[in-house]
Amino acid sequence: MAVLITAAGSIVEQSFSLDQPAEVVATLHGGCERCDWGVAGREGASVTIAVDARYRAHVMLTRGEDDAEYRVLLGRYGRGKHTVTVASDPSASAPGVGAVHVSRVDVASIGEHDPSYEALAHAPILHARPNTIGHFTDVPLLMWYETGPTPRGRSYRYSVIFSNEDGGTATDRLMATWGRTTDIEFVYGTEIDANGRTIAEEFQGPDHVVTPFRGRHDTRHPLEFVVTDNNMVSDRLTATPVASGSSRTPRAAVRYAPAPELFDLTNQSREVVMDAHPWTYRVTSQEMSREGKIADDAAPGSGKIPDPRRFVFVEACSDLDGAALAFGVQVTTPDGPRWFDSHRDRDQFRIVRTGCFRGAVPVPRGAGAVDAIRFRAWRQADAKTLQPGVRVTRVNKVFTLGDDFLPKPLPFHWTGSQVLTLDGAPSELPF
């Protein structure tokens, strides 16, 4: 039976026992009455999680009234019995929401001999950006990590998917060149030697500068602070806590610890992490709507986008050097088949990175099915290479969003070698 956590902050408790020291992950199953991430004043409810009466993290319930899973990294604990407590935090919740309901809290322990233990043991903890508290924006939704061998041992790289970015790339350009309105950022990397010792740490700071990490740790977990409106982090506390004795949660103390998941992104874009959690598309769409970034007549360059359900999303891969590319999709309209190109006749909407990428292009409301895709390339005026070029090697997926804002895959993928003519005609691939 679900347990109600009232606005007064009643507590739900869940005990667990460990036979040996372990990293612990809790999965909270719950929701909140009247919560709707797309409606101002009813966005969501915030709860706190503590272990043995020590605060561990906040969890923002972004997914409405229905029961949903929220995975949280609790940290390392020793042998014996421990107690997880969950309580509402009215000071960080929307004023128009009702009670929080929790159906259960699942606790999983990951011991030192588990292959994923080392990655969990070094996962960062993020302190919330002060101007997001109480504003229901730029919430860390997911964390994942990538790993691989190094000459000295093994590396781990951790990235976070935020629900939005209040600064940085404009929403319309973000959709054209990244195919999403979430913000995805690398936040922390570490290198571990064969004896399990940390030999290097780094983080992505303001202006996307990667800097050695010299901050504090909670056991082995680095403590980071989101400090910019495009969600760059610092290894130092820069936020100012509220006055001592205030009934509000100190802003510097609000922290998030989404449990990281392992992903291999070989021949895939980072956005596949969102695909594994399709609800992220709905949350970010709701946030865009609430913040006034969606308009039916949104023109390219306005910073706004049409309804996300009008977009066709494409993931493809290319070898690109000294050039830019865009894709187009052909759909049926009342006037016959028409092409719609992702760059929308704007140079800054072209894709300029090599490897696997996402992009998205809006089509008219009520347009027919996509039946072909094309790619076009341009020489970059400031290219430093002597032989600029683009070769498309894969189309991994094409999809749209349904009425529920969840992805609806289209039956097309392709692997090959398509060399594009720079500043020339597009190359077409029929479905």
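H208 is placed in the loop that joins β13 (198–205) to β14 (209–212); helices (H or I, at least four residues) and strands (E, at least two) are DSSP runs, numbered from the N terminus. The model is predicted, so that local features need pLDDT of at least 70 and side-chain atom pairs count only at pLDDT 80 or more, while totals for chains, interfaces and linings use all residues. Residues are numbered from 1 along each chain as its sequence is written, and side-chain values use heavy atoms, with hydrogens and water left out.

Although H208 is not a glycine, its phi is positive, at about 65°. With a relative accessible area of 43%, H208 is partly exposed. Here, buried means under 20% relative accessible area, exposed means over 50%, and partly exposed lies in between (1.4 Å probe, protein chains only). T219 likewise has a positive phi, of about 50°, and is not a glycine. The loop between β15 (217–218) and β16 (221–226) holds T219, which counts as partly exposed at 49% relative accessibility.

## Salt bridges

A search of the whole structure gives 24 salt bridges, each defined as a side-chain nitrogen of Lys or Arg within 4 Å of a carboxyl oxygen of Asp or Glu. Side chains of opposite charge can pair when their charged atoms come close. One of these bridges joins the side chains of R56 and D218, at 3.2 Å from N to O. This pair connects distant parts of the chain, since R56 belongs to strand β5 and D218 to strand β15, 162 residues apart. Both R56 and D218 are buried. The two residues also belong to a network of salt bridges that links R54, R56, D218 and R255.

A salt bridge also forms between the side chains of E202 and R157, with an N to O distance of 3.7 Å. Here too distant parts of the chain are linked: E202 is in strand β13 and R157 in strand β11 (residues 153–162), 45 residues apart. E202 is partly exposed, at a relative accessible area of 29%, and R157 is partly exposed at 37%. R236 forms a salt bridge with D235, where the closest N and O atoms are 3.4 Å apart.

## A negative surface patch

E33, E65, D66, D67 and E69 form a negative surface patch. Patches consist of residues with over 30% relative accessible area and no salt bridge, in which like charges are joined within 9 Å and nonpolar side chains (Val, Leu, Ile, Met, Phe, Trp, Tyr) within 5 Å. Asp and Glu count as negative and Lys and Arg as positive, while His and the chain ends are not counted. The place of a charge is taken as NZ of Lys, CZ of Arg, CG of Asp or CD of Glu.

E65 is partly exposed, its relative accessible area being 43%.

## Helix α4

Helix α4 (residues 279–290) has 12 residues, which at 1.5 Å a residue should span 16 Å; the end C-alpha atoms are 17 Å apart, in agreement with this expectation. The expected span is 1.5 Å times one less than the number of residues in the helix.

How many of the 12 residues of α4 are buried? The count is 10, and the helix is thus mostly covered. The buried residues of α4 are W279, T280, Y281, V283, T284, S285, Q286, E287, M288 and R290. S285, in helix α4, has a relative accessible area of 5% and is therefore buried.

## Distances across the chain

The C-alpha atoms of S285 and V24 are 32 Å apart, and 261 residues separate the two along the chain. L265 and E146 are 119 residues apart in sequence, with 7.9 Å from C-alpha to C-alpha. L265 is situated in the loop between β19 (261–262) and α3 (272–276) and, at 13% relative accessibility, counts as buried.

I184 is part of strand β12 (residues 183–193). It is buried, with a relative accessible area of 3%. Between the C-alpha atoms of I184 and M274, which are 90 residues apart along the chain, the distance is 10.0 Å.

Terms used:
Accessible areas come from the Shrake-Rupley method with a 1.4 Å probe; for residues, only the protein chains shown count as cover.
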